[in-house]
Every structure is written in structure tokens, then in C-alpha cells.
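Dear colleague,

I am handing over a structure that will be new to you, and my notes on what was found in it follow directly below.

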Amino acid sequence: KSELYDYGFKEEQILELQSLLDKIIYDTEYYRNKCGIEIGGPSNIFKRVYEVCKSCDGVNFSEDTVWWRKEKKGYCWKEKELGQVYIADATDLLLIEDNKYDFVLSSNNLEHIANPLKALEEFCRITKNGGIITIAVPIKEKTFDHNRKDTLFEHLLEDYKRDTKEDDLTHLPEILQLHDYDMDLPCGGKEAFAKRAEKNFENRCLHHHVFSEKCLRKMYEYLNLEVIDFLKLGSNYIIRGSK
């Protein structure tokens, strides 16, 4: 703050980061006392949503993933039980009825899905009219994907029309060549990474796609979602739209 004062900014012009997050991401208008669901979580980026919503169910593709393990209790954030858990692919949420939720959340998940437009269509189906869909994806320049080209919307549309399945490994040669292994030390190097990738249907660790703002906006537009907010936060793009 003192540096901003030195540049001539006044107190009323300065927002604390948390205030900005509350306004843009965790706006109580969209989440307070509302019922929602998160695909592929829980996620630290949405922790304030968990604090204000009425309930939040969860979806994961397996009961035991690299990031999450199902326990006897329901969908939880730390010690707080938020709702129930569905075990299903994001592209096939038929366990959930149409127009059920006030909001859908997804953080650092869409890039792991081989057919993301189909997944987004499912997010729309289970969201009420007027409901909110908020998605966070990595900014490639800040990740081990920085050598890769942006995925074009037209490519996603082709995957959607072909009904590409989650066992698809079309992008694996490109990923193996351009992945920055020095930025992804836990993967254990190229050889170990390649062995894990061969079993991607079991672990879902691959980033099939890298998203640009243009591509994300076109995805929302294609499914008739009105984009309310788009921002960069840390290493993520965050897009929020209304059905």
C-alpha cells in the first residue's frame, strides 16, 4: 500500500486481493445459500465458495485418483461435509438429472478431459436456467505446457462431433515431445512420464489440451452461455458464465 501511496493512489482506489477475489470469484450473489456441484475437486481456489454455499456435491471419475480419494463420508472440504459424491466421467453425468444445480465449478480439470466440449455440455445440462458455470484452467505459459500451441476451438468441435472418448491418446506424441520435464519434476522424467501416459485412462494425468481465452470464450458461446467474467488469477484463467 505504501508504494501505491507513493505513486499517488488514494485509499479508496486500492483493493486488497481478497476483496477482489470476493467480488470476482466468490460473489455471494452467485453462491451464497445456493446448491452446486464441483467436477474434479475439491479445489483450494473455490474454498470461499464452500464457506457460503448451501451445499456442493462432487464428481470424480474414480474413487481413488491422484488428487482425491473417496471416504465413507460425502464430498468434503477439509472437515466440512458439503454434499454427496458421484463417481462418473465429466462427459457422462447421466446419474444427475437436468437443471438440478444453481452452479457448477471446475478447477484445473477441463484440460484433463479428451472431449471438453462434451463435458461443458453436460455441465450446462445439469445447471438451472440462470445458473452459473465457473471454470479455472492453467495458463500454458506458466506451466510445463508452455512449448505447446493453443488448442483451437475447431479442434474441440471435431472431437465433440466424433464423440471422442476418454481413452483417446491423439495428443500423446506432441505432449511427449514438448512437455517441459524440468518444470514437472514429480513426473520422474520422460521415460516414467511416457509409461504413466500409456495408462492415462486409469490415471487421467495428461493435459490433452491447452486453452486460450479465445478458445474458452468460443466454447461458452457455442453452448449459449453468457460470459460474465474472465480473468487471470495466478497461473489460471477463470471464466464464469450464465446459462
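A cavity here is a set of points, on a 1 Å grid over the protein atoms alone, where a 1.4 Å probe fits but cannot get out, while a pocket is an open set with protein on both sides within 12 Å along at least five of seven lines; lining residues have an atom within 4 Å of a point. This is a predicted model, in which local features need pLDDT of at least 70 and side-chain atom pairs count only at pLDDT 80 or more, whereas totals for chains, interfaces and linings use all residues. Residues are numbered from 1 along each chain as its sequence is written, and side-chain values use heavy atoms, with hydrogens and water left out.

The largest cavity is lined by Glu111, Pro138, Ile139, Lys140, Thr143, Asp145, His207, His209, Val210 and Phe211. Its volume, taken as the space filled by probe spheres set on the points, which are joined across faces, edges and corners, is about 40 Å³.

The largest pocket has a volume of about 610 Å³, and of the 36 residues that line this pocket, Trp67, Asn108, Asn109, His112 and Arg204 lie nearest its centre. Two or more lining residues come from each of strand 2 (55-60) and helix 8 (190-198), where helices (H or I, at least four residues) and strands (E, at least two) are DSSP runs numbered from the N terminus.

Elsewhere, strand 8 (residues 226-233) pairs with strand 9 (residues 236-242) in the antiparallel sense over 7 bridges, pairing being assigned if DSSP finds at least two bridges between two strands. Gly241 in strand 9 is the bridge partner of Val227.

With kind regards
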